[in-house]
Amino acid sequence: MSVLVATNIFLSALTLFVQFLPSTYFSPIMIIIIGAGVVGASLAFQLARAGVPVKVIDAGRIAGGTSASSFAWVNSHDKTPRIYHDLNVAGMHAHRTLRSQFAAAPWWHEGGTIEWRAGDPARYRQKIADLQSWGYVAQWLDPHQLRELAPDLNQAAVGDAPVAFFPEEAWIDPVVYSHYLLTDAREHGAQVVTHQAVIEIRQQGHKVVGLRTADGTLHDADIVVNCTGRYADQAAIPPILRIPMTPTAGLLLFTPPLAHGLRQILYTPQVHIRPDGAGRLLICRNELEVAADAQFHARSPEVLALLAAAREVLPLLRDVEPEVLRVGVRAIPADQLPAIGPSPGIGGYYSAITHSGVTLAPYIAELIVDEIVHQRPRLELTPFRPQRFFV
Ligand SMILES: Cc1cc2nc3c(=O)[nH]c(=O)nc-3n(C[C@H](O)[C@H](O)[C@H](O)COP(=O)(O)OP(=O)(O)OC[C@H]3O[C@@H](n4cnc5c(N)ncnc54)[C@H](O)[C@@H]3O)c2cc1C
């Protein structure tokens, strides 16, 4: 371990100790989470189950932000550097552990991912070999296996590209997920306040002591956790606590219910498709970036191009029109990596802002509980500290 890394870890530990120990040591702490998306809901669930008094406040409805407009694929497929890949793999495992804690987990959908790529097959084979060498489960499918697994798929669209299968990947319904976790949190004593915007973070000296909501109510807290996703740089947050963001937006197209047998996520060169419940399919393309405030309709060129690509892969879509179009805005910190941890120089405040939040939420919630309740700094978070934005 280099001196720099060791120093970083020591400083992280010291920051956590100094910022959270005094209040947690002498009285039961009150933690307020701003934001009831997948990240805030996951944290509230873990805190409430740990017996910590917690209040969740959201300006709108539960998971009505980015979480409601997500492809919601639980994976660690294309995540670099290695440390970020490992964090996502831990997220995949945490999802399975979490779902086993519920008698029913209607948000959880297994089936794996089928992928092929355009371009150099040797390069793709190397990518899969690299993933496998990291312990990631990936298999090759021959045309017969592909037909067995996804009979609706047009094999001609694949051509002679090598096809990989990732059996441990899944997708979730983020709103259902958040609702279940917050319902459980309430049963364990959490308060959940919706349709109430936080308009001010209250500070005394170098410590956050609570916040104010739009109805004028003052809420006291020992620790405020910012789970506002793409809004982590909004005006209600003092500049020294804001996370610099570079959000991008994606277009999601939902079909009407269709008679199909697709159970997998299809990750193809031109389009990404997955089931979305009740026979609906969700169609998007990760690389297609749109304006966050763009308005789309069934004849928009982007929609027609997505549908054409999807029809090539799944001919059953040939006469299908989109039922709903949605634009989702990604919660991406300025350097693309998560921002999780306290802010330098200010006590009682913690940020949990990340893209890939659907995959990561249950795991980062566990890490955060360890840090702010048990004062156990988690080394997994060392590269993702917000303080990197403030040096
Ligand atoms: C098109 C698209 C595709 C994606 N695909 C995937 C994927 O396949 N896999 C994956 O893992 N991730 C994916 N993501 C990313 C993932 O959806 C997000 O990282 C995740 O939903 C973020 O959740 P969150 O809880 O942090 O934010 P949000 O769901 O946005 O929740 C934040 C909440 O904070 C509330 N809030 C904000 N300001 C205030 C305030 N002042 N007062 C009170 N409340 C406030 C908002 O109302 C909102 O409900 C995708 C995102 C997009 C847009």
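Helices (H or I, at least four residues) and strands (E, at least two) are DSSP runs numbered from the N terminus. The model is predicted, so that local features need pLDDT of at least 70 and side-chain atom pairs count only at pLDDT 80 or more, whereas totals for chains, interfaces and linings use all residues. Residues are numbered from 1 along each chain as its sequence is written, and side-chain values use heavy atoms, with hydrogens and water left out.

View B. A polar side-chain atom of Ser70 lies 2.8 Å from a ligand oxygen atom, and a backbone N or O atom of Trp73 lies 2.8 Å from a ligand nitrogen atom. A backbone N or O atom of Val358 is 3.4 Å from an oxygen atom of the ligand.

**View C. The aromatic pair of Trp73 and Tyr267.** Ring pairs of Phe, Tyr and Trp (its six-membered ring) have centres within 6.5 Å, and count as stacked with planes under 30 degrees apart, edge-to-face over 60 and tilted for the rest; the whole structure holds 10. The centres of Trp73 and Tyr267 are 4.6 Å apart with planes at 35°, so this pair is tilted. Trp73 lies in strand 3 and Tyr267 in strand 15, so the pair ties together parts 194 residues apart in sequence.

Terms used
A polar contact is a pair of N or O atoms within 3.5 Å; within protein, one must be able to donate a hydrogen and the other to accept it, and residues adjacent in sequence count only if both atoms are side-chain atoms.
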